[in-house]
Amino acid sequence: MFEKIPGPALIVIYIVLAALICFFSKKLADYVDALDKKTKISGAFIGAVLLAAVTSLPELFTSISATILLPESANLVVGNILGSNLFDLAIIGIAMVLFFKLFAKAKIEYKSHFTVLIGVGVIYAIIAYGLLGNPSIQPIFAKDGYWSNINLLALLIIIVYIITVTLQPKEQEENDEEEKDDPYEHLTLKRIIICFFIFSLLLVAASIFITYTTDAIAKFYTLDATLAGAIFLAIATSLPELVSTFTLCKKGNFNAALGDIVGSCLFNFIIIGIAEFMAYKSSLLPGFINTPDIKDAIQMLYLTVGVLIFLTLSLLVNFFSTKKNKVQGKMHYAVYIISGIALLSGYIIFLII
């Protein structure tokens, strides 16, 4: 579709599509926030499940497009997801640095966030086995059948996601933030649903086109598929998380903001699971073995796991210190600032190496 378009023009098209994805996703986030204000569901659950699913729509449809329409560039999918997760964590890192005082004063729903982080950690272990394990010892479904290259690790990823969402607390904790006036009082539920559906369709269309654009850019500038996915697709499809996170932080809704980021990391793995079943001709997981893309995938895998461990430890420090002292002091400021810098550093290190 874009093969005959010169490189600079492709960059312009990419920027326009990225801007549209950002706008459509912000509108979707607004309507999800409207639903949040009209319910008493936990803010962390809203962020990790509903808002995360909405802002991950670009990753979902760009990955499906890359799998079905561009099968020779299927490695874009894994590169997109791993890169998006690393970039998403960098987003919350920036937010922690900029809003460290507000973060320290916020009443974080630790149980909900820890549940999601454990689920993310388990899935990363599964992904690591899929990328690094020998294909001969991986659970390949029906080797002689039509679906000859389906790795059943994809099914396990989906199961872990379902279990994590099921176990996550759904009601607000007693010490949650006080309720504020509903700024969406003028919106009816019917209008919210209709607008949500319309902007979802627009977001899908923009996501599909940006997949074609990224593939064309990778070919024009001779970039490998995983690197193109990690930089161009990952950044463009992570813009919704960037916009929604900073909007929620400004409003003081840090549970939804943090839930959106860690929930997006969790939801993104379902995309690999779905894409694995759709890319029946070649598995996305052991398909990296003996390919140039394996190096980039491994780097993103290790860096993201390290960043997630640091985030979990920082939340644990704040949880136990708050439980013991019942105050939010300067130590909490330092923890959030250091944590934010560490989360941001993970993505910067990947770009450098």
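Predicted model: local features only at pLDDT ≥ 70, side-chain atom pairs only at ≥ 80, totals over all residues.
Q: Thanks! How much of the protein counts as buried?
A: Of its 353 residues, 54% do. Buried means under 20% relative accessible area, exposed over 50%, and partly exposed in between (1.4 Å probe, protein chains only).

Q: Let's look at H6 and H7. At what angle do they pack?
A: Helix H6 (residues 110-132) and helix H7 (residues 153-167) pack at about 175 degrees, with axes 9 Å apart. Axes are lines fitted to C-alpha atoms, for helices over the stretch in contact, and angles run from 0 to 180 degrees between N-to-C directions. H6 and H7 are therefore roughly antiparallel; angles under 35 degrees count as roughly parallel, over 145 as roughly antiparallel, 65 to 115 as roughly perpendicular and the rest as oblique.

Q: And which residues make that contact?
A: Among them are Val116, Gly119 and Ile123 of H6, and Leu156, Val160 and Tyr161 of H7. Contact here means heavy atoms within 4.5 Å.

Q: Switching topic: which residues touch the most other members of the largest nonpolar core?
A: Those are Ile92, Phe103, Val120, Ile127, Phe269 and Leu311, in a core of 91 residues. Helix H10 (residues 254-278) gives the largest share, 13 residues. Such a core is a set of buried Ala, Val, Leu, Ile, Met, Phe, Trp, Tyr and Cys residues joined through side-chain atoms within 4.5 Å.

Q: What does Ile92 contact, leaving aside neighbours within four places in sequence?
A: Ile92 is in contact with Phe103, Thr245, Ala257, Leu258, Ile261 and Leu343.

Q: Now Val32: buried or exposed?
A: Val32 counts as buried because its relative accessibility is 5%. You'll find Val32 in helix H1 (residues 7-37). Not counting residues up to four places away in sequence, Val32 touches Ile46, Leu50, Leu51, Val54 and Phe196.

Q: How about Gln299, where is that?
A: Gln299 sits in helix H11 (residues 294-325). With 16% relative accessibility, Gln299 also counts as buried. Leaving aside neighbours within four places in sequence, Gln299 is in contact with Phe350 and Ile353.

Technical notes: Residues numbered from 1 in each chain as written. Heavy atoms only, no water. Helix = DSSP H or I, 4+ residues; strand = E, 2+ residues; numbered from the N terminus.
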